[in-house]
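This report looks at the pockets of the structure shown below and at the residues that line them.

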Amino acid sequence: MLEIRNLHVTVDGKEILKGIDLDVAAGEVHAIMGPNGSGKSTLSYVLAGREGYEVTEGSILFNGQDLREMGVDERAAAGIFLAFQYPLEIPGVTTMTFLKTALNAQRKARGEEELDAVRFLKLVREKAKPLNVNDEMLKRALNVGYSGGEKKRAEVLQMSLLEPSLAVLDETDSGLDIDALKTVAEGVNAMRSPERSMIVITHYQRLLDYIVPDVVHVLSGGRIVKTGGKELALELEKSGYAAYGADAA
Amino acid sequence: MNEVMTEKAAQNFIDAYESARTVLPGADGWLARRRAAAIEAFAGAGLPHRRLEEWKYTDLRQTLDKAGFAPAPEHKGAVVLPETASASAFSALDRHVLVFVNGRYRADLSKAARLPKGVELRGLADVLTEQWAKDLLERRFDEARQAEQVVDLNTALMSDGMCLRIRKGVKLDKPVHLLFFAADDGASHTRNLVLLEEGAEGTILESHVGEAASFADIVTDVVLGNGARLDHVKLQDESANAVHLATLRGEVGAEARLSSFTLTLGCGVSRGQSFIRFAGEGAEAQVNGAYALRATQHADQFCVVDHAVPRCASNTVFKGVLDGQSEGVFQGKVIVRPDAQKTDGRQMTQALLLSRDAAMNAKPELEIYADDVQCAHGSTVGELSKDALFYLRSRGIPEAEARRLLVLAFLDDVIALAPHEEAREILRGLVSGWFEEASI
């Protein structure tokens with residue numbers, strides 16, 4: 001699914017990722033843990049194609065396609081989804097309009113038939129219900145006035161509707177209380193399938209109690225310094241990141 | 001000959017007056033004298049130029065000198081409207097429609113039959129012998145006399161216009177739609193008179209379209225009696241070679257409400273100016289607008305609201321998007337007179353620059369002489385948020401569509417202030433359509 005080789009990334013002239021190798025096979029859930037400033041968010045933005053994140057060396061292949069050749073929306077249509085750590089507020093665009101525009105844009109890009117209003121509404125309600133997203137929330141401007149938990153639930157709703165093959169969850173646990181975390185994790189877990197891969201980026205082990213990864217990587221100083229099974233997360237919880245050359249815990 | 005008289009465009013207007021004065025409406029009565037005084041005053045002042053504070057960002061004199069408009073011919077034959085969304089805007093609505101071609105009323109193309117009792121809707125020439133029309137034409141709307149030069153020009157040369165009078169307590173059954181179509185090159189001068197008596201209600205929709213090199217000079221004088229209510233929606237979308245100069249002067253009586261909204265898709269140079277004065281307590285004025293400009297279009301919005309009496313509320317919001325090398329201007333002033341306690345006066349202008357070469361000049365002002373008031377003004381100029389664009393694109397929305405969504409969202413809250421619900425939806429559609437043609 002995803003093959004990253006010797007990836008070097010520069011932001012504002014400063015090298016943040018210094019040679020990342022990462023293979024994520026279909027159906028696997030990889031957790032990327034690391035202290036603040038280790039390059040976790042940079043990795044997620046590079047995968048999504050954000051402007052200003054320059055790949056200076058190495059390669060990223062997604063299902064055999066070179067991601068560097070693809071625009072942000074092309075990557076999305078190809079099946080990459082980034083759940084934002086801080087979802088943006090978009091005044092004037094209702095969540096419903098946004099979801100419909102996004103889904104139909106992706107369907108169109110893939111040569112599939114666009115959904116009409118009736119079929120779309122049925123689908124979105126079906127996906128929204130388990131996430132406790134009601135019609136009133138869908139009619140509001142996207143993320144405007146949403147609580148932290150509502151924003152994250154809305155992100156998972158987008159993911160559930162767009163059905164990506166690779167979901168990257170950037171600090172999805174930040175700002176969530178335990179109940180909200182459970183709801184979000186259930187939403188994510190419901191999407192686990194042999195065809196879908198996930199990269200769960202988190203500072204804390206807590207989220208991984210609910211979204212149990214197959215592989216855990218420790219990112220520090222722009223490199224993956226250790227890779228292990230899910231037990232690695234528990235170790236980190238006890239020992240902190242100090243052993244990996246970082247001060248922050 | 002003084003310096004002003006040598007100005008080419010001003011001289012053209014003076015010449016036009018000389019050759020037309022015997023055939024202009026009202027040539028045999030009080031109006032002839034009024035016109036003579038107006039042209040004399042205009043000749044003394046000349047056309048507005050940038051050295052005047054209220055014309056700081058729009059040099060009308062230079063614009064008209066360069067364009068050299070001759071009087072637009074009278075157009076008698078069949079007309080073919082451009083096949084644009086703007087030209088057919090409002091046409092699906094149930095409405096009375098008055099068509100003006102080259103600034104002149106065309107009864108044969110209009111449809112305003114079966115008006116409710118107490119509603120009069122006529123061409124300018126028809127009402128000049130009536131006292132109410134004379135009163136409106138002689139009324140001093142703007143104490144600061146900021147519109148004087150252009151109103152003098154209009155008074156001297158006005159050849160036609162729409163006159164709407166709604167009697168006490170009468171409600172207009174459906175909107176009056178004024179469709180102004182510039183079929184041929186040249187200048188036209190239009191004067192609209194609107195009188196809503198106590199408790200009367202009405203809606204005016206106004207569209208200005210055309211592909212000619214036209215100069216439209218329109219003055220609309222509005223008097224709202226106590227408790228009257230006027231909703232006004234204007235659309236302006238003319239050619240890159242056109243110049244549009246519209247002046248709205250309004251006097252709003254006690255507990256009356258004026259709600260005016262303008263969508264400016266522009267032309268070469270356009271200036272929309274509003275001068276609103278409260279004449280009675282508890283009145284409200286909404287003077288709002290949206291604009292979308294591209295290429296080398298220049299659009300100037302100028303608005304003065306005069307709180308001459310206590311307990312009135314005014315709100316002015318203009319929001320626009322500027323692409324290409326276009327230029328936007330907003331100048332506004334809220335004046336609160338010493339006695340106008342409990343005034344609520346608000347003014348906001350926001351612009352979104354879609355190109356590095358576009359420019360916006362904004363100058364909102366408050367002039368407050370009372371102490372128990374709530375007034376606010378603000379101005380922002382910005383670009384589309386890169387983060388928001390990235391967020392939308394990361395969900396698979398192509399860049400052009402993401403930009404369109406964000407721009408429509410930016411304009412949506414001001415369009416929501418347009419008073420007529422169906423018209424509002426039409427304006428939304430026009431802005432969306434504007435985007436599809438956009439080169440961004």
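Which element gives the largest share of the lining of the largest pocket? In this predicted model, that share comes from α7(B), which supplies 5 residues.

## The largest pocket

The largest pocket holds about 590 Å³ of space, and its lining is made up of 25 residues, of which A:E51, B:K386, B:L389, B:R393 and B:E399 lie nearest the centre. Both chain A and chain B contribute elements that give two or more residues to this lining: from chain A these are β4 (53-62) and α2 (72-78), and from chain B they are α7 (386-393) and α8 (399-415).

Sorted by class, the residues around the largest pocket comprise 11 that are nonpolar, 11 that are charged and 3 that are polar.

## The second largest pocket

About 440 Å³ of space is found in the second largest pocket, which is likewise lined by 25 residues; those lying nearest its centre are B:D237, B:E238, B:L265, B:R294 and B:E437. In chain B, the elements β7 (201-210), β11 (257-266) and α9 (421-437) each provide at least two residues of this lining, and α9(B) gives the most, with 5 residues.

The lining of the second largest pocket divides by class into 10 nonpolar, 10 polar and 5 charged residues.

## The two linings side by side

For the largest pocket, the lining includes 11 charged and 3 polar residues, whereas for the second largest pocket it includes 5 charged and 10 polar residues.

Notes. Residues are numbered from 1 along each chain as its sequence is written. Chains are lettered from A and ligands numbered from 1 in the order in which they are written. This is a predicted model: local features need pLDDT of at least 70, side-chain atom pairs count only at pLDDT 80 or more; totals for chains, interfaces and linings use all residues. Side-chain values use heavy atoms; hydrogens and water are left out. On a 1 Å grid over the protein atoms alone, a cavity is a set of points where a 1.4 Å probe fits but cannot get out, and a pocket is an open set with protein on both sides within 12 Å along at least five of seven lines; lining residues have an atom within 4 Å of a point. Grid points are joined across faces, edges and corners, and a volume is the space filled by probe spheres set on the points. Helices (H or I, at least four residues) and strands (E, at least two) are DSSP runs, numbered from the N terminus. Ala, Val, Leu, Ile, Met, Phe, Trp, Tyr, Cys and Pro count as nonpolar, Asp, Glu, Lys and Arg as charged, and the others, Gly among them, as polar.
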